[in-house]
Amino acid sequence: MLNLTRASATGVREVCLTVDGERCLQYVPEHAQFTVSDAVASGIGTSVSETISDKPAVLLPETPLAEWTYQGVSFSVGTSLCIERERTGLSTASCYGLGKLADVTAAPETRTIHLRWELHESSWLVDMIARSVGAIASAIGPTRPKTLHFETETDFSTARESLERVVDGLHGDDGSSAHQV
C-alpha cells in the first residue's frame, strides 16, 4: 500500500462525503480529477480508494510513477504521460491525461510499449470536426503517443508496470475495478 501524502484521482466523476450515513459533501470534478491530502485527514487516501474500488477509477500519487529518457527526450508517467523535448535551447512539454488510456501492450523484445487511447462514440459530424481539429493540432504540435521506446530494461519494466496498473484501475478485467498505485 502506498503511503499517500498527496495524490490525485483520475477517472472519478463524483465524490460524496458522508458522516454517520449522512451526505456532507458531493463533488463532481469538472475535469474528472481531484486532489486528496492525507495531511488534512489521516487515512483519507485509503477511504477514497475503498470508495472507488467498484468504479473505473485509480488513485495516483502526484509524484511520477516512472521517469526515463529516450534519445534525449524526457518522459514521465504520473497522473499524465508527459513528454519534454529540448530544441535549440527551448524546452517544450506535452502532457496527456491517462483517463483516456484504454490499453497497454508491451513488447519486451524491442523494449517498446504500444498505447491505445479511447475514442468516444459520437456522430459523423463530431467525428469529422475532431479529425479536422486533430489534423490541425498534428501540424502545429504533438499528438498522443501510440508507442513508447526505452533504452534500458529497468525503465521499460517500471513504465510498463505503471501504465498497466493505470489501465487495470480504470478498466479492470470487467471495466469496474479501481486500484491505488
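Modeller: What follows begins with the aromatic residues and then turns to other parts of the chain. This is a predicted model, in which local features need pLDDT of at least 70 and side-chain atom pairs count only at pLDDT 80 or more, while totals for chains, interfaces and linings use all residues. Residues are numbered from 1 along each chain as its sequence is written, and side-chain values use heavy atoms, with hydrogens and water left out.

The structure holds three aromatic pairs, a pair being two rings of Phe, Tyr or Trp (its six-membered ring) with centres within 6.5 Å, called stacked when the planes are under 30 degrees apart, edge-to-face when over 60 and tilted for the rest. One of them joins Trp68 and Phe75, which are stacked at 5.1 Å centre to centre with 5 degrees between the planes. Trp68 and Phe75 are both buried, where buried means under 20% relative accessible area, exposed over 50% and partly exposed in between, with a 1.4 Å probe and protein chains only. Trp68 also pairs with Phe150, and this pair is tilted because the ring centres are 4.6 Å apart and the planes stand at 35 degrees. That pair links distant parts of the chain, since Trp68 lies in strand E6 and Phe150 in the loop between strand E12 (147-149) and H3, 82 residues apart; helices (H or I, at least four residues) and strands (E, at least two) are DSSP runs numbered from the N terminus. Both Trp68 and Phe150 are buried, and Trp68, Phe75, Phe150 and Phe156 form one aromatic cluster.

Ala66 has Val77 in E7 as its bridge partner. Two residues stand between E6 and E7 in this hairpin, and Gln71 in the turn has a positive phi of about 50 degrees.

A further hairpin is made by E8 and E9, again with two residues between the strands, and here Thr88 in the turn has a positive phi of about 40 degrees. Strand E8 (residues 80-87) and strand E9 (residues 90-97) pair in the antiparallel sense over eight bridges, with Arg85 opposite Thr92 in E9.

Helix H3 (residues 153-171) contains both Glu161 and Arg165, which are four residues apart, about one turn of the helix. Glu161 forms a salt bridge with Arg165, the closest N and O atoms being 3.6 Å apart, by the rule that a side-chain nitrogen of Lys or Arg lies within 4 Å of a carboxyl oxygen of Asp or Glu. Glu161 is partly exposed at a relative accessible area of 46%, and Arg165 is partly exposed at 39%.

Finally, Leu101 lies in strand E10 (residues 101-107) and counts as buried, because its relative accessibility is 0%. Leaving aside neighbours within four places in sequence, Leu101 is in contact with several residues, including Trp117, Leu163 and His171, contact meaning heavy atoms within 4.5 Å. The C-alpha atoms of Leu101 and Trp117 are separated by 4.6 Å, although these residues are 16 apart along the chain.

Key
Two strands pair if DSSP finds at least two bridges between them.
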